[in-house]
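Please look at the sequence and the structure below before reading on.

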Amino acid sequence: MAVVIRVENLTKKYILRHEGSNSYEALREVIAGSFQKVVKKEIQRPSKEEFLALNNVSFELNQGERVGIIGRNGAGKSTLLKVLSRITEPSSGRVSMKGRIASLLEVGTGFHPELTGRENIFLNGSILGMAKREIQLKFDEIVAFAEVEQFLDTPVKRYSSGMYVRLAFAVAAHLEPEILIVDEVLAVGDAEFQKKCLGKMQDVSSSGRTILFVSHNMAAIQNLCDKAIYLKKGEVQTIGKSEEVIATYLKSTAEVQNINLADRKDRSGNGAIRFQSVELLDDSGHTVQSLQCGKKAVIRIHFERNQNVVINNLHVAIGIDNDFGQRITQMNNEVTNQIFNNVQSNSFDLVIDVLPLKNGIYSFVLYSTMNNEIADWIQNAGTFHVESGDFYHTGKLPPEGQGSVLIRYSFNLK
Amino acid sequence: MSLPNNFDIVIEPNKRRSNFWKDLWNYRGLFYFLSWRDILVRYKQTAIGILWSVIRPLATMVVFTIIFGKVAHLPSDGIPYILIVSAGMLPWQFFANAFSEASNSLIANSSMLSKVYFPRIIVPISSVMVSFIDLLISFVIMAVLLAWYHFIPSINLIFLPLFIALAVFVTIGLSLLISALNVKYRDFRYIVPFIVQFGLYISPVGFKSSVIPEKLRLLYSLNPMVGVIDGFRWCILGSTIEFNRLGFCISILVSILIFIIGFYYFRKMERTFADII
């Protein structure tokens, strides 16, 4: 088998500037900077910090391999894909690739809401590097895959989010590149469509094409990929068979106990509140490293308030995912009529009277809105471990591998 | 297990992309589709659509004719003053629109730059092409005006494509430079409207460049739009319009210089666009 991607000592360095959050410079700073040099006066410069998004990454991929890239947020997965897709340049090292590359880092890049589905197929196709003839040839196939026949001449701003995603994926899926690079795009769309996309990617790879796939959904990685790369803090931790790498990854994520969110950059929202850290407490109010099935569990969330606004009508939600990235449940204070008003404190508790989760690793999403505007939202905010417990008070444990949620029930002969 | 490979894409830091021209050729469709998108969107979002391309230059022409022709009584050598203004307006409107749009084009398409690979140079150039469509519409207005005043263009008209090419060349050169600078220094968002407004008065749009004193004429030609605008007038209105050959050569040299600087600066900066945009 031929090597189609060779990555050698790849390093990507970012300079973090602590003053201001903008990466671009203002002329003022440049002018002021050169002025400082002239007068030779040492004024305290904004501190700069180097950050290695990728650190000496090397690997080789063969033709036709399906490779999953896993790792926590900020591990360098997206940076790696960006370098491979030639969007950003590495700071050092080399990548050699063979064949036509297509990358799908975001669904529907370049889609214009005012244009119709038909127009967007052509626009998006050409942005992804397809020639007009090629798009015309595949047009019917794309439309059929996306299931948007009746809406072809409707502006995509009127599309449902599902239709939008289907159309966007359909265009990219019909690129027929030799190397296909896909970032977490299946996070959107319904289960049916996810299955279809995975199927399409499987087809793509069975015709000898190479796929690189980033996902937090371990089930998808396990299904699709025969090989996986585990990145941690910009370095390659393990490369190998996907089941083995996933097992290593899941084990290591459990070791992270202190869930600090203060430095997280991958959040969205207007910042009326900002989640800072998450603490786990047991039924006697002690901080613990893991929760126990069947016991009372408290998830205490610390946040920072924007002092300039009165925090009213604050909705908070916590979504819990299993270790395959599938959402198990979502808990929020709206459904329980406990919306927070006139918030003066800096933390709240989510109290679960009887924790109905089996032993395992769970990850969670934190979400909050104030007056229906997103205040803070962190995907994959962290993980916690649940230990086995006597949920049914019988001293017996439910069987392994039979789901992750327990329900209080009884059987009665009638 | 792997035989010696001939990889066709090699990514290394600070490496000039050897396949720049090949890539540009492969993505040639994108020039068309990006311009097509901008035109479609513009006419879908506005109520009277294409009429805007007519109303804007027409209004400016009328104002300039009144101010420079009627109020300031600048010489017209027997040609209706509105024709002098409109012949100058054609290239200037094109430059002003194209330059404003193109300078902002990279920022306007930032999500594309940070998510997809394609030759970045396509973005500002295709937005210049959008304004080129407006230029063609303006030519129709010009033709109507010429017919209205029973003015027959001279044989010089055959040289017009040459001056159109020069106008496009200058505009692209300057747009490449400013659009790349704009990614790094957002101050250019404020500088660009200033250049355009200032340029309107220092370029011979509302008057002929013959009103500029003789000894300042060569200095005046350092503005590349002077050569372009004079050329347009000479082509459309005929040889009664003075055409300064030396000044024109200076304008061409300045244009080439701007283009080279713009092109190389753009190529140098484009690899960092995704990181700083």
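In chain A, strand β8 (residues 227–232) and strand β9 (residues 235–241) run antiparallel and are joined by six bridges; helices (H or I, at least four residues) and strands (E, at least two) are DSSP runs, numbered from the N terminus, and two strands pair if DSSP finds at least two bridges between them. These two strands, β8(A) and β9(A), form a hairpin with two residues between them, and in the turn K233(A) has a positive phi of about 50°. The bridge partner of K232(A) in β9(A) is E235(A).

This is a predicted model, in which local features need pLDDT of at least 70 and side-chain atom pairs count only at pLDDT 80 or more, while totals for chains, interfaces and linings use all residues. Residues are numbered from 1 along each chain as its sequence is written, and chains are lettered from A and ligands numbered from 1 in the order in which they are written.

Chain A as a whole has eight helices and 19 strands. Of its 414 residues, 36% count as buried, where buried requires that 20 or more other C-beta atoms, placed from the backbone, lie within 10 Å of the residue's own.

Chain A also holds an open sheet of four strands in the order β10-β12-β14-β17, with antiparallel pairing. Its edge strands are β10 (259–260) and β17 (347–352), each of which pairs on one side only. In general, strands of a sheet pair through backbone hydrogen bonds, either parallel or antiparallel.

| Strands | Bridges | Residues facing each other |
|---|---|---|
| β8(A) and β9(A) | six | K232(A) and E235(A) |
| β10(A) and β12(A) | two | N260(A) and S277(A) |
| β4(A) and β1(B) | three | M97(A) and I9(B) |

The contact between the chains takes 36 residues from chain B and 40 residues from chain A, two residues being in contact if their C-beta atoms, placed from the backbone, lie within 7 Å. On the side of chain B that touches chain A, the largest share, eight residues, comes from α2(B).

Which helix of chain B has 27 residues? Helix α6 (residues 122–148) does, and from its first C-alpha to its last it reaches 39 Å, close to the 39 Å expected, the expected span being 1.5 Å times one less than the number of residues. After α6(B) comes H150(B), whose phi is positive, near 50°.

How values were computed
A residue is buried if 20 or more other C-beta atoms lie within 10 Å of its own, exposed if 12 or fewer, and partly exposed in between; C-beta atoms are placed from the backbone.
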